[in-house]
Amino acid sequence: MTPGEFLSTLVSHLDAAGLPYMVVGSVASNAYGEIRTTYDVDIVVDAPWENVQRFVRGLGPDYYVSEEAARAAWDRRRMFNVIHAASGNKADIVCCKDTDYAAVAFERRGLAQALGVEIELCSPEDVILSKLDWGRRSESERQYRDALGVAKAQRSTLDLAYLAHWAEDIGVTDLLNRLLQDAGLKSGGEPK
């Protein structure tokens, strides 16, 4: 099973369970920016437990997923894994956080192509913000490079006011300023 087939199958199961979702992470940054090899899929979901449970139970024997881990993740707004046993393809299913930013980012998702599949994808701005936030917490320069690739590729359409507002809210204003300068979108402290 290719990564695209894996993603397509997961989306079918999410839709069948009535589970609103958005694909984030490296799949999203690849869709909007510079492509790099990625081995897993990150999907944010936002629905009552019953829908998450229906998704988990609907996957069937070809997938490894723990209903207990899914429930704990849902209760704590964390993530759980889904692994396709035969191919080893893995998805991190992230339960949407209960924050203003998470709610806004989820509402801004839209249909786009990734891995040859039409899916609900987070916006380019939200890819940038989430990569900066994750990069800060994990001390990963790769996350910054992913965000920079999106900023460069999407430079003519980025909502800079949105980026500035939510960067302050989530505590990544310094990283956003560096990124905008590195992407050629800011010079001398002012957006171009």
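# Legends to close-up views of a predicted model

**View 1. Helices H7 and H9 cross in the right-handed sense.** A crossing counts as right-handed if the near helix is turned clockwise from the far one by less than a right angle, and as left-handed if anticlockwise. The structure is a predicted model, in which local features need pLDDT of at least 70 and side-chain atom pairs count only at pLDDT 80 or more, whereas totals for chains, interfaces and linings use all residues. Residues are numbered from 1 along each chain as its sequence is written, and side-chain values use heavy atoms, with hydrogens and water left out. H9 comprises residues 173–182, and its axis lies 9 Å from that of H7 at an angle of about 50° (axes are lines fitted to C-alpha atoms, for helices over the stretch in contact, and angles run from 0 to 180 degrees between N-to-C directions). The two helices, H7 and H9, are therefore oblique to each other (under 35 degrees is roughly parallel, over 145 roughly antiparallel, 65 to 115 roughly perpendicular, and the rest oblique). On the H7 side, the meeting residues are Glu141, Tyr144, Ala147, Leu148, Ala151 and Lys152, and on the H9 side they are Leu175, Arg178, Leu179 and Asp182. This contact of H7 with H9 has six nonpolar, no polar and four charged residues (Ala, Val, Leu, Ile, Met, Phe, Trp, Tyr, Cys and Pro count as nonpolar, Asp, Glu, Lys and Arg as charged, and the others, Gly among them, as polar).

**View 2. Helices H6 and H7 are roughly antiparallel to each other.** H6 spans residues 124–138 and H7 spans residues 141–153; the angle between them is about 160°, and their axes are 8 Å apart. Here H6 passes H7 in a left-handed crossing. Pro124, Val127, Ile128, Lys131, Leu132, Trp134, Gly135 and Ser138 of H6 meet Gln143, Tyr144, Asp146, Ala147, Val150 and Ala151 of H7. By class, the residues of this contact of H6 with H7 are nine nonpolar, three polar and two charged.

**View 3. Gln154 occupies the loop between H7 and helix H8 (160–170).** Gln154 counts as buried because its relative accessibility is 18% (buried means under 20% relative accessible area, exposed over 50%, and partly exposed in between, with a 1.4 Å probe and protein chains only). When its neighbours within four places in sequence are left aside, Gln154 is in contact with Tyr32 and Pro124 (contact means heavy atoms within 4.5 Å).

**View 4. Helices H1 and H3 meet in a right-handed crossing.** H1 (residues 3–16) packs with H3 (residues 49–58) at an angle of about 135°, and the axes are 8 Å apart. H1 and H3 are therefore oblique to each other. Leu10, His13, Leu14 and Ala16 of H1 meet Arg54, Phe55 and Gly58 of H3. The contact of H1 with H3 has four nonpolar, two polar and one charged residues.

**View 5. Strand E1 is covered on both faces.** E1 consists of residues 21–24; Tyr21 and Val23 on one side are buried, as are Met22 and Val24 on the other. Helices (H or I, at least four residues) and strands (E, at least two) are DSSP runs, numbered from the N terminus. E1 pairs with strand E2 (residues 40–45) in the antiparallel sense over four bridges (two strands pair if DSSP finds at least two bridges between them). Val44 in E2 is the bridge partner of Met22.

**View 6. Strands E4 and E5 form a hairpin with five residues between them.** In a regular strand the side chains alternate between the two faces of the sheet. E4 and E5 pair in the antiparallel sense over five bridges, and Ile93 in E5 is the bridge partner of Phe80. E4 also pairs with strand E3 (residues 63–64), in the antiparallel sense over two bridges, where Ile83 is the bridge partner of Tyr64. In the turn of the E4 and E5 hairpin, Gly88 has a positive phi of about 80°. Ala86 lies in the loop between E4 (79–84) and E5 (90–95) and counts as exposed because its relative accessibility is 74%. A distance of 8.0 Å separates the C-alpha atoms of Ala86 and Met1, which are 85 residues apart along the chain.

**View 7. Strand E7 has one covered and one uncovered face.** Val117, Ile119 and Leu121 make up the covered face of E7 (residues 117–121), and Glu118 and Glu120 the uncovered one. Strand E6 (residues 110–114) pairs with E7 in the antiparallel sense over five bridges. The bridge partner of Leu111 is Glu120 in E7. E6 and E7 form a hairpin with two residues between them, and Leu115 in the turn has a positive phi of about 55°.
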